[in-house]
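Please look through the sequence and the structure shown here before reading on. The paragraphs that follow lead from the overall fold to particular side chains.

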Amino acid sequence: MAYVQASTTGGFGLKGRIRGLISAIRTARARRAAFDRAYSELRRLDDRELRDLGLSRSDFVHLAEAEANKIVPL
């Protein structure tokens, strides 16, 4: 027989659900800010710097997402 254990950070009532929603929004905003910072820094690199690092512009989204996940884990 399998057992499932549910864990919530805000609780089951309306207040808990609202707290959970606010927490999720804050986390999403923090991740987006980290993504935007990383992407902006990558866009500032010129072609020579990118070649030296072994990167292409198509790598930017993946690298920025990885940085956002590192700062604010899912």
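Helices (H or I, at least four residues) and strands (E, at least two) are taken as DSSP runs and numbered from the N terminus. By that reading the chain has 3 helices and 0 strands, and along the sequence they follow the pattern α-α-α. This is a predicted model, in which local features need pLDDT of at least 70 and side-chain atom pairs count only at pLDDT 80 or more, while totals for chains, interfaces and linings use all residues. Residues are numbered from 1 along each chain as its sequence is written, and side-chain values use heavy atoms, with hydrogens and water left out.

Of the 74 residues in the chain, 15% are buried, where buried means under 20% relative accessible area, exposed means over 50%, and partly exposed lies in between (1.4 Å probe, protein chains only). Among contacts (heavy atoms within 4.5 Å) with a separation of 6 or more, 48% are between residues 24 or more positions apart.

Helix α1 covers residues 14–43, and L14 is found in it. L14 is exposed, with a relative accessible area of 59%, and together with I18 and I22 it forms a nonpolar patch on the surface with about 280 Å² of accessible area. Such a patch is made of residues with over 30% relative accessible area and no salt bridge, nonpolar side chains (Val, Leu, Ile, Met, Phe, Trp, Tyr) being joined within 5 Å and like charges within 9 Å.

Side chains of opposite charge can pair when their charged atoms come close. A salt bridge is counted when a side-chain nitrogen of Lys or Arg is within 4 Å of a carboxyl oxygen of Asp or Glu, and a search of the whole structure finds 3 of them. In helix α1, R32 and D36 are 4 residues apart, or about one helical turn, and their side chains meet in a salt bridge at 3.2 Å, N to O. The side chains of D47 and R57 also meet in a salt bridge, at 3.0 Å, N to O. This pair links distant parts of the chain, with D47 in helix α2 (residues 47–53) and R57, 10 residues apart from it, in the loop between α2 and α3 (60–71). D47 is partly exposed at 47% relative accessibility, and R57 is partly exposed at 41%. In helix α3, K70 and E67 lie 3 residues apart, about one turn of the helix, and form a salt bridge whose closest N and O atoms are 3.1 Å apart.

Key. Areas by Shrake-Rupley, 256 points an atom, 1.4 Å probe, with all protein chains shown as cover.
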